[in-house]
Amino acid sequence: MKGTVLALSGGVGGARLCAGLAAVLPPGQLLIAVNTADDFEHLGLPICPDLDTMMYNLAGLAPPGRGWGLADDGSGFMTALRRLGGADWFELGDQDLATHVLRGAALATGEPLSVVTERLCRQLGITAQILPMSDDPVHTRLHTERGTLSFQQYFVREACAPQVLALEYQGAERAAPHPTWFAPLRDGSLSAVVLCPSNPLLSIDPILALPGVREALRQSPVPVVAVSPIIAGCAVKGPAAALMTQLGIGEGAAAVARHYSGLIDGFVLDSSDGAEADVLSAEGGPKSLLSEILMLTPAIGRQLATAVLDFAAELAGGA
Ligand code: FO1
């Protein structure tokens with residue numbers, strides 16, 4: 001596929017697909033807009049979990065099993081923190097800490113998050129362009145049966161246990177999508193757009209909530225392809241399936257495609273979800289493709305990336 005591909009992504013699932021896309025696309029042809037509505041300040045440090053996960057995956061530094069942090073990181077900081085009575089519900093590895101400290105120092109001088117991120121990526125030898133969805137702050141708030149929680153309070157501290165009644169992306173209506181990814185989306189100079197297999201409600205919707213983004217996707221002259229984060233009715237990781245049920249979005253991969261209705265031209269489901277693809281087709285939904293979407297190894301990530309790009313090329317050709 002010729003031309004730049006734009007990926008909209010959250011953390012682990014999206015980061016693994018983006019690592020695959022970066023490996024199979026020519027250098028410089030991948031733009032990634034990353035959700036920043038999970039970002040929060042912890043112990044005085046700015047933590048950007050999805051940006052971190054994206055950087056570490058593309059740099060080949062992510063742990064193969066766990067979906068966040070650095071492989072083979074140390075726990076000395078957490079041990080010392082506990083000894084001093086510090087809040088230990090959110091784990092910061094010894095090496096990971098350097099990312100947050102450097103980011104904090106740069107932001108304190110007034111540098112935008114996109115500029116700090118670009119420097120960190122350069123230092124890590126990443127050739128794809130990783131951008132925060134916006135340099136302006138957006139914060140996901142979850143209104144739950146136990147009151148209003150920030151994303152990390154809900155996700156990590158409360159282990160996604162409280163029933164969620166409603167979601168809010170505070171600040172989204174005032175946040176500008178970063179022009180480096182938004183301008184090519186709007187002017188049609190991309191070759192394809194990929195909605196990564198990330199949580200539709202917590203990772204992709206905050207990006208879609210930025211002014212003009214839904215409109216630009218609706219009018220995109222190039223194919224927009226989404227990859228399901230749901231396999232056989234279950235989320236690969238995290239609370240996507242449970243949240244979709246709690247918020248009345250529905251169950252299964254087909255419900256994700258319906259959630260993106262009007263925005264996508266193609267939908268990639270797991271090979272085991274053929275029945276969901278048949279339902280979509282009967283409903284006159286987007287064209288679907290079955291592929292292996294559980295990226296247990298980088299090789300499967302590259303294979304899925306190739307399948308997604310070929311599917312987008314086929315959609316562009318009107319086949
Ligand atoms: N996720 C956890 O489940 N527990 C943690 O202690 C934790 C620490 C952490 C530190 C830095 C970072 O960049 C991410 C971290 N995450 C942790 C992941 C993160 O909270 C979520 O996976 C994402 O926000 C969801 O996209």
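This is a predicted model: local features need pLDDT of at least 70, side-chain atom pairs count only at pLDDT 80 or more; totals for chains, interfaces and linings use all residues.
I began with Arg258, which forms a salt bridge with Glu283, the closest N and O atoms being 2.8 Å apart. I then noted that this pair links distant parts of the chain, since Arg258 sits in helix α11 (residues 252-259) and Glu283 in the loop between α12 (274-282) and β14 (287-291), 25 residues apart.

Next I turned to Glu215 and Arg218, whose side chains meet in a salt bridge at 3.6 Å, N to O. Both residues lie in helix α9 (residues 213-218), three residues apart, which is about one turn of the helix.

How many salt bridges does the structure hold? I found nine. One of them joins the side chains of Glu158 and Arg146 at 3.1 Å, N to O, and I noted that Arg146, Arg157 and Glu158 are linked in a network of salt bridges.

Finally I opened the largest pocket, which holds about 740 Å³ of space and is lined by 41 residues, with Gly11, Val12, Gly67, Phe155 and Lys237 lying nearest its centre. Sorting the lining by class, I recorded 20 nonpolar, 14 polar and seven charged residues. Which helix supplies the largest share of this lining? I found that α2 does, with five residues, while the helices that each supply at least two residues include α1 (12-24), α4 (96-108) and α8 (200-208).

How values were computed: Residues are numbered from 1 along each chain as its sequence is written. Side-chain values use heavy atoms; hydrogens and water are left out. On a 1 Å grid over the protein atoms alone, a cavity is a set of points where a 1.4 Å probe fits but cannot get out, and a pocket is an open set with protein on both sides within 12 Å along at least five of seven lines; lining residues have an atom within 4 Å of a point. Grid points are joined across faces, edges and corners, and a volume is the space filled by probe spheres set on the points. Helices (H or I, at least four residues) and strands (E, at least two) are DSSP runs, numbered from the N terminus. Ala, Val, Leu, Ile, Met, Phe, Trp, Tyr, Cys and Pro count as nonpolar, Asp, Glu, Lys and Arg as charged, and the others, Gly among them, as polar. A salt bridge is a side-chain nitrogen of Lys or Arg within 4 Å of a carboxyl oxygen of Asp or Glu.
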